[in-house]
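Me: Can you walk me through this one? I'd like to know how the chains meet and what sits inside.

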Amino acid sequence: MSIAVLTQVYDEVRRLAIAGSVVAAGDFRLQKLIAPLEQAGAKAPVFAKAAQAVTALVESNEQTSSQALLELTTLVNAILYTQGETGLTGEIEPLETTDLGLQTTHVGAQVLKPLVEALTTAGSGRFETIQDGYNLGAFQDLRLVQPALRALDDAYSDIGYLLATTVLPQYGKAIYPQLKAAFNAKGKTTGHVRRLTLMYRLDPGSARPLVKQALQEGAKEMRVGAIECLGQETEDLPILLGHVDDRSIDVRRAVYQALAAINAPEAIAAIKKVLRSSDLELVTHAIYQHSIPEIVNAALEEAKSEFEVLLKSEDQKAFEANFTQFFGLLSCIGGGKYEIAEPFLLESFKQRDLLQSLGGHTGLVITRRICELLTECTAVTRQALFQAHETLESSLLMIAIQAAYKHLPPAEVFEIFSPHFTADLPQKKNLKDAVLTRRKTISEAIAGSCKWYYVPDEIPLIAPWDSRWLDLAVSARDLNFLRPLAVPGHAASNALISDSFNATLQKSRNFDNYMTTLALMIHVSHPETTDSFVKVLLHCASPKAKNLSGMHWIIDIIPRLPKSAAPQLEAVLPELHENARGKLFVAIGELTSKP
Amino acid sequence: MIAIDEGYVDSAAPNAEAAKNGRGLVLKGKFLSLSVSEDQTILFGECQGSGKEPYRCSCDFQRPDAPTHRCNCPSRQFPCKHSLGLMYAFAQGKLFSTTTVPEDLQSKREKLQSRVEKKVEEVEKPKTVNKGALAKKIQAQLTGIDLLEKLTNDLVRLGIGNMSAKTAGEIEEQAKQLGNAYLPGAQVALHNYTRLFASEDGRFHDGQSSNQRELVFSEALDQLGRLHTIVKQGRSYLQRRLDDPELAPETETSIAAWLGHAWQLRELKDAGLVENDVELVQLAFNSYDDVARRELVETGVWMTLKTGRIRITQNFRPYKAAKFIKSDDSFFQIAQVKELCTYPGGVNPRIRWEAMLLRPIEPKDFQTIRGHGNPDFAAVIKEVKTHLKGPLADKQPIYALNFKRIGQVDGTRVVEDAKGERLVLTDAGMSEEPASCHLLSQLPPACLENQTLVVRFVHNLDTRKLQIKPLSIVTPTNMIRMTF
C-alpha cells in the first residue's frame, strides 16, 4: 500500500517535471498524497521524509520550486530503485533452441563490428568487407548468423547472392526454421526468393510444400525461383508442364530450363514444340547444356528444314524473317559437341555464297556463326574451313586463321596462309585490293595474338608463330605485325624498329607515340634501346614541355631496361622538366636495385 | 625469448585496418629482411614501402610487458603496419636470421632504458602541491558548480516536456563553460540530459513525436536528479578541498570522477588503489559510436581471477583523434598485470594498467570464473538494489550469476537459480550494446543449464522492473560472448 502511494507520488512528480516546476505550487493532486505518506511515515521514517518533501514542493514558489522538485525526485527515485520488480511467475518451459553447432564467439569486435555494419546498413564497399570476413572464417561466429540471414534482403543483389550461395549454406539445416519464419511466398523482394532457393538447397524435402505455394501465390520472380527448385522429382513434371504457357517470359524460360534437363517423353515433347516457336531463344542454352539426344536430333532436323526455307527466301526481307529461328537452332546443335551435326554444318558452309547473296549482311552473320561452329568440330571438318581460305570474306578469314593458330602446327599455318603475302599482286585494282585486304586481315590476326600493351612479355603468346612470318612482317613494315614475332638479334627487324623510332621522333613530342617502339626495343634487346629512351626523355620531357601525360608507362618500363642504362638515364635527369625528375628518379632507383 | 601469436599482434594493433595492412605486408612479401637479436629480445627488419629506401622497423621486447615499436615510416599510428607486419611474420613462423642489433637501434634501446630509470626516480620523488594554483582551480570549479545549479534549475522550471531543439542547443553551448571551469565530468552529465532529446544523428530537431518524447521523460527526470546530486555533493566536496589544500581527491565516493577529475596513476597508487600481480580475464566487450558526443567508446568487462571482482576498462576515442588513439578490442587471453590501478567507484569500477604479459586461457580459468559466479540471485538482487538507490551510482551494474536453467515463461525468457529465484532477460534500455537475448535460442541446450551467466542489470523507470541483459555464458570449456 505504502509503495503504491510512493508510485503515485512519482507519477505526479514526473507530470510536474514535464510541465515545469513553476506549476507545482499548490498542486492539489500532490497535496492529496501528503496525508497517506504521513500515515505510512509512522511506520517507516522514509515516508515521513517524502511527506515533508512533497509539502515543500506544494508550498514552494517560482524561485524554490525547482530545488523542491529535485529533492523530492531524488528521494522518490532512490526508494523506487529498491523496489524494482524481478522474477516472473508461471511454469518455466525449455527455450526452443536451434543448435547451430556454433559456439565460437572468438571473432574480435574490430572484425565483427564492421562486418555487422556491412550486413545491416547501406553504402558502398560492403561486399568486400563481407567477402574478407568470410575468407577469415568470421562467419563461424554465432553473432553473425542473424545479421547474415537478414542481409538476404540487401538492396545490393551481389551481397544477397553471396550470402545465399556461399555464406549461409555453411550453417546447414539448422537455419531452416529461421529462413522459413522470415519467408513470405507473396513477398515482393528478391530476399524471399533467395530464402526459398536456400531452403530448398538445405532441405529439399521440407521445402517442397513452400515451393509449390510460391508457385501458386508468388509474383514473377518468386515463381521463377520456385521453378528453379523443381525438376528433381517425378511429380514435378506435371507442375512444370502446367506452366509452359505462362504469360511471363522469365517464367517460361525457367520452365524450359527445367524441362530440357528431364529425359522423359512429356518433357521432350514440350521442348520439341518450342523448337518451332518464337520461344526458341529461351531454351537454346539449356538444350545445348543438357544434350538429350532426342532433342538434339529434333533440333538438327528442324535446323535442316529451316535452312531449306532460308535458301528459298524470295527476298532479303523473307530471309531476315527466318534468320532468328535458324540462328537459335544452330546454337542448340552447337559445334563439335555432336558429330551428327557436322555434315549439315559442312553443307551449310558450302552454301555461304548463296547465303550472302540472299541475305546480304544477315547472310554473312549466319555464315560467320557456321564458321565459328566449324572451328569447334573435328579436325577433318575444320580442315574444310582452312582449305577454303582463298575464297573467304575477310571476317571469315580472320576466324579461319585464328582457329588454325589454335589447332595446327606453326609451319602448317604458315604454309596455308603465307601465300597471300608471297604471291604477286594482281594488276586489276579490285583484285589487288582484295589481296591487300586479306594481307591486312592476316597481319591483324597475328598482331592480335600478342596481348601485351607496353610491358613486354607480361602475357606470353598462346603458341609461337612460325619464324618465317618475321620476314614478311619486316617487308610489310608493320610494327604491330612484328610485335608477336620479333626476336633479339634480327638485323632487319632491328632496322625497321630504328626507322620507325626515328620517324616518330621527327613528328611527335608525346610519350604515347613511342610506346610500342620502345617496348619492342626492350623486348628484342635492341642495341639503341638506352639511347632511344634518352632521346625520348629529352624530346618529350624537356623543361619547356607543356604536357607530360603518358609518362607513367615509361616510368613503368624503365626498370625493365638493362641495369647498365642507369648512369645514362641519371645523367640526363638535370636536363628534364622538374615535374618529371622525381618519378624518373624513383624508376631509375628501382632499375639500379635490380639484382 | 619472444612468445607472441597472431592474437597478440591483433590486440597490439591500433585498429582493424592497421592489422589488415600489417598482415598484407607479410602476404605480399614486402619484407626485405627479417632479423632477431642474439638474445631474442628484439625483432627488426626492412620493409619495402612506396619510397626508394625501405622502412626500418623493430619491435623491442626488452620489457616484455611493455614492448617498444619503432619505425622510420611517417605513420602516426603505433605500432605502425610495418611493425605489426614484422610481428605477424614472427608469429607465423617466417624465417628470421639471428644477427647483431644495428648500432643506431642499440643506442635507442640504451636511451630508452635510461629514460625508464629516470621515470622511476621521478615517481619516487615526493610531489609538491602548488596551493595557490589549486585554490584558484577549486574556486573556478565552484563557480562552475553554481552555473550547473542555475542551468539545472532553469531546466526544471522550464519542464522536460518543453525542451526544444533551441533550448537543447543553448544548454549545450553553456555546458562548454563547465569544461572551462575544470568540470568536464559535470559537462558530460549535463550532456547526458540534453542528448536524450537528440535524434540518432546526434542533432537536435524539433518535430519528435509525442510518443518518442514520452519514452525519454522518466530517464530525463532521473538525469535531472543526478545533476542535482552532483551540484550538492560536488559543492560540499570542493569546499572541503578549498578549506584543506592538502586533502587528496576523494576515493570513497565517485564524486571526484563525476566532476571530471582525471586520475593520475600516482594518485591512485597514493590512495592505495593499486593491486599487484593480478590476472584478468575479459568477460565481455562492446564498442559503440556515441554520435552525440562525437566519440567512439570501447568498454571491456574484466574479472580478476583471484577475487572474482568484475571491473571495466573504458577507452574514449573522439572522432577527431580516433585514428591516432589505439582502439581496444575483444581479448581472448589472460592478462597478467604487475600493477593494476582501480578508479574510485561502486560495483564495477574502472581499471587501468600500463603493462601486461599474456598467457592463453585454460580450462581451469573457466572453472575459476564459474567459481566466482553468484548462485544466489536473491542476494545479488538485494545488492543491486542497494547500489542503484545511490543517485550517482552506475545504473547498469554487471554481475556473474550461476544459474540452474534458462527457459521461458509465456514466451518471456527467464533465468532461474537453484532456489527457483528468477530474473527476466531483456535487451530493452541498452541501445549501446547489440541485442543478445535471441542468441540464447541458437545455443545447444547444454549451454542453458547449470552455467555461469555474465549479466548487466537494468532498472526500467517506466515499468519499474529490474531485469538483466545477458553478456556472456561461461561453460566449463568455453566462453560464449553475446555482445561486441
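This is a predicted model: local features need pLDDT of at least 70, side-chain atom pairs count only at pLDDT 80 or more; totals for chains, interfaces and linings use all residues.

Me: Fine. How many residues of chain B are in contact with chain A?

Reply: On the chain B side there are 61 residues, and they are in contact with 52 residues of chain A.

Me: Which helix of chain B gives the most to that side?

Reply: Helix 8 of chain B, residues 210–243, which supplies eight residues.

Me: And how do the residues on that side of chain B divide into nonpolar, polar and charged?

Reply: The side of chain B that touches chain A has 26 nonpolar, 20 polar and 15 charged residues.

Me: Which strand of chain B pairs with strand 1 of chain A?

Reply: Strand 13 of chain B (residues 405–409) pairs with strand 1 of chain A (residues 93–94), antiparallel, over two bridges. Glu93(A) has Gln408(B) as its bridge partner there.

Me: What is the order of the strands in that sheet?

Reply: The order is 1(A)-13(B)-14(B)-15(B), an open sheet of four strands with antiparallel pairing. Strand 1 of chain A and strand 15 of chain B (422–424) are the edge strands, each pairing on one side only.

Me: Changing topic. Which residues touch the most other members of the largest nonpolar core?

Reply: That core has 186 residues, and those touching the most other members are Ala148(A), Ile227(A), Leu259(A), Ile271(A), Ala299(A) and Val454(B). Leaving out residues up to four places away in sequence, Ala148(A) touches Leu119(A), Phe139(A), Leu163(A), Val167(A) and Leu168(A). Apart from that core lies another, of 58 residues, including Val13(A) and Leu190(B).

Me: Now helix 23 of chain A. Which residues are buried?

Reply: In helix 23 of chain A (residues 379–387), Thr381(A), Arg382(A), Leu385(A) and Phe386(A) are buried. They lie on the same side of helix 23 of chain A because they cover an arc of only 150° around the axis.

Me: What is exposed on the other side of helix 23 of chain A?

Reply: Val380(A) and Gln387(A) are exposed there.

Me: Which helices do the buried residues of helix 23 of chain A pack against?

Reply: They pack against helices 20 (342–350), 22 (361–375), 24 (394–407) and 25 (410–417) of chain A.

Note on methods:
Residues are numbered from 1 along each chain as its sequence is written. Chains are lettered from A and ligands numbered from 1 in the order in which they are written. Two residues are in contact if their C-beta atoms, placed from the backbone, lie within 7 Å. Ala, Val, Leu, Ile, Met, Phe, Trp, Tyr, Cys and Pro count as nonpolar, Asp, Glu, Lys and Arg as charged, and the others, Gly among them, as polar. Two strands pair if DSSP finds at least two bridges between them. A nonpolar core is a set of buried Ala, Val, Leu, Ile, Met, Phe, Trp, Tyr and Cys residues joined through C-beta atoms within 7 Å. A residue is buried if 20 or more other C-beta atoms lie within 10 Å of its own, exposed if 12 or fewer, and partly exposed in between; C-beta atoms are placed from the backbone. The arc is that of the directions from the helix axis to the C-beta atoms.
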